[in-house]
Amino acid sequence: MRVVVVGAGVMGAWTARWLRRAGHAVTLVDRYGPGNTMGSSGDASRITRSSHGPDRHYPVWQRRALGQWRELEREADGELFVNAGVLWLASEGQAFEAESFVSLTALGIPVEQWSRDELASRVPVMNPEGVPWALFEPEAGALLARPAVSATIAAFEADGGEVVVSRVAPPRAAGGALDSVRLDDGRSLQADAFVFACGPWLPDVFPALLGEMIVPHRQDVLQFAVPTGDDRYAPGAMPVWIDFEGSFYGFPSFDGVGLKACPDWLGPRERPDESAREVAEATVEASRAILRRRFPAMAEQAIVRTWTCFYEVTPDAHFVIDRHPDLANAWIAGGGTGHAFKHGPVIGEYLAALVGGDQAAAAALAPPDDRFAIRARATQPSFRTSGRKPLDAELA
Ligand SMILES: Cc1cc2nc3c(=O)[nH]c(=O)nc-3n(C[C@H](O)[C@H](O)[C@H](O)COP(=O)(O)OP(=O)(O)OC[C@H]3O[C@@H](n4cnc5c(N)ncnc54)[C@H](O)[C@@H]3O)c2cc1C
C-alpha cells in the first residue's frame, strides 16, 4: 500500500515509521521539514510520566512508548531520554496524586510517596513550603523532544521512507475517498491512504470537521540562567517537577545554562500562522513568582531562552486518532492537548495498525472506550492532564 503522511511532528513521524516497518511505501510530507521548531514537537524537552489520576490507559501507553523511545535511543547516536524522575507536588485540595499512586501501584509502575521532610532532603534546592507530600516517579523524566523526533525520522528514512518538504493544500473530498493531495510546488502525491497529523494546523486543514474540536492555544516557554557552575539544578540533583495545583512545571537544567519553568494553564487562543509567537510579560511575571516560591535563588536570574508553541486542545483533553468520517482512506491524528509527546511511538503504532488494517494489533493497543473518536465531545471542566486549570475557567 502507498501511504502519504502529512506532518512530521511526533505523531506523523512515528506513524510513518511504523507504516514503513510494516512494509508500506510511505512518504512523509512537512511544510517546515523534519525536526522543525514551528510545530509543537520542536521544543527542547517534554515530560514523560505515568501518573494520570484514576485513568489506567495512558500509564500503560506511556510505559510502552518509553520503551520504544529507549529502543530508538539505542539505535540513534545520542541521548533522547533523561531519567531525572518526575516529582508531583501534592496539595490538600485535589486527589490527582493520591489517585495516581493507587493506579500506578496497581499497574506495577514504580512510584514513591515522599513526606515534606523527605522532599526537603531529597531535593534540597527546592523550597517545600506548603507541600503536604509529594509523589515521585523514579523511572520517568524528560524526552529531548526535537532530537527525538529527528531521530525517529532518520530511522524512517534509513528504513527506506521518503521525506518531502512542502505544504499540503487542504484536501477536497471526492467520492468518499482521496486519491491525491496537492503540494505548494504544484505537484500532487497519489496514495491509497492518507494520514493528517498536522498538530495545531489541523483546524486549518479540516475547518468544518475540526474547527471546534481542536483549538490551538499559544503556550509560552521560558528558560532562566543557571548561575555558572551551580550543579544543584542538574538532573540527579533535581527532578522534573509538576506543581499540579499551581498549574506550573519545570525541568532540571540539561545544559547547565537554562532552567525551564512554565505555566501549564491555557494561553491565548491563536492560529499558528497568525501568531506573533511572542512571550507575554504576564508569563514572565508568573514564572518569576513561582521561582521565588520554589527556587528563590533563580527568581531574578536573566531569561536566556524563550519559545512559544501550541497546545492543540480538545474539549475533554483526549487525543483525536480516527478515520475521517467522510473520507474512507483518510485518517487524522492530533489534539495532543499538552500531553501527547510522550505517547508518540504508541500513537503511531496504533494508527499504523488502523491504517494498515491490522485489527488484532489495533485492538491490543486500543483504549477501553471511544476517547479518541471524532464525535461531539463534552467539555470536562474537571479533567486535568497535568495540573491544567479547568478549561472553562481558563477560557473565561
Ligand atoms: C509548551 C508545551 C509543553 C508540552 N509539554 C508536554 C509534555 O511535557 N509532555 C508531553 O507528552 N506532551 C507535551 N506537550 C504536547 C506535545 O508536545 C504535543 O501534543 C505534540 O508534540 C504534538 O505533536 P503533533 O505531531 O500532533 O504536532 P506537531 O508537532 O505540531 O507537528 C505537526 C506538523 O505538521 C506540519 N504541518 C502542518 N500543516 C501542514 C500542511 N498543510 N502541510 C504539510 N505539513 C503541515 C507542521 O509543519 C508540523 O511539523 C506540550 C506542548 C506544548 C506546546
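Strands here are DSSP runs of at least two residues, numbered from the N terminus; by that rule, valine 181 sits in strand E10, residues 180–182. Welcome to a quick tour of this predicted model. The protein averages a pLDDT of 94, and 95% of the residues score at least 70.

**Overall shape and confidence**

- The radius of gyration is 21 Å, which agrees with the value near 21 Å that a compact globule of 396 residues would have.
- Along the principal axes, the C-alpha atoms fill a box of roughly 65 × 45 × 45 Å.
- Of the 396 residues, 49% count as buried.
- Among contacts between residues at least 6 apart in sequence, 74% join residues at least 24 apart.
- Please read residues 382–396 with care: pLDDT stays under 50 there. For this stretch the model has 33 contacts beyond four places in sequence.

**The nonpolar core**

- In soluble globular proteins, nonpolar side chains tend to be buried together.
- The largest nonpolar core here has 113 residues. Those touching the most other members are Val6, Ala134, Phe194, Val195, Ala333, Ile347 and Leu351.
- Helix H9 (residues 344–356) gives the most to this core, with eight residues.
- Valine 6 is in contact with Gly12, Val29, Val168, Val181, Phe194, Val195, Phe196, Ala197 and Cys198, once its neighbours within four places in sequence are left aside.
- Valine 181, one of those partners of valine 6, is buried because 23 other C-beta atoms lie within 10 Å.
- Beyond four places in sequence, valine 181 touches Val4, Val6, Val168, Ala169, Pro171, Ser188, Leu189 and Phe194.
- For a sense of scale, valine 181 and glutamate 300 are 119 residues apart in sequence, with 51 Å between their C-alpha atoms.

- Leaving out residues up to four places away in sequence, the contacts of phenylalanine 224 are Gly258, Leu259, Ala261, Leu291, Met298, Gln301, Ile303 and Val304.
- Phenylalanine 224 and threonine 306 are 82 residues apart in sequence, yet their C-alpha atoms are 9.1 Å apart.
- Valine 221 has 19 other C-beta atoms within 10 Å and is therefore partly exposed; 20 or more would be needed to call a residue buried.
- Valine 221 touches Asp43, Lys260, Cys262, Thr306, Trp307, Thr308 and Cys309, not counting residues up to four places away in sequence.
- From valine 221 to methionine 298 the separation is 77 residues in sequence and 16 Å in space, C-alpha to C-alpha.

**Loops worth a look**

- Glycine 42 is found in the loop between E2 and E3. With 19 C-beta neighbours inside 10 Å, glycine 42 counts as partly exposed.
- Glycine 42 touches Asn36, Thr37, Arg146 and Cys309, with residues up to four places away in sequence not counted.
- Proline 147 is 105 residues from glycine 42 in sequence but 8.5 Å away in space, C-alpha to C-alpha.
- Serine 247 has a positive phi of about 60° although it is not a glycine. Serine 247 is placed in the loop between strand E14 (240–243) and strand E15 (248–250).
- Serine 247 counts as buried because it has 20 C-beta neighbours inside 10 Å.
- Arginine 277, also not a glycine, has a positive phi of about 55°. The loop that holds arginine 277 runs between strand E16 (258–263) and helix H8 (281–294).
- With 14 C-beta neighbours inside 10 Å, arginine 277 counts as partly exposed.

Definitions and conventions
Residues are numbered from 1 along each chain as its sequence is written. This is a predicted model: local features need pLDDT of at least 70, side-chain atom pairs count only at pLDDT 80 or more; totals for chains, interfaces and linings use all residues. pLDDT is the predictor's confidence in each residue, from 0 to 100. Two residues are in contact if their C-beta atoms, placed from the backbone, lie within 7 Å. A nonpolar core is a set of buried Ala, Val, Leu, Ile, Met, Phe, Trp, Tyr and Cys residues joined through C-beta atoms within 7 Å. A residue is buried if 20 or more other C-beta atoms lie within 10 Å of its own, exposed if 12 or fewer, and partly exposed in between; C-beta atoms are placed from the backbone. Helices (H or I, at least four residues) and strands (E, at least two) are DSSP runs, numbered from the N terminus. The radius of gyration is taken over C-alpha atoms; the globule rule is 2.2 Å times the number of residues to the power 0.38.
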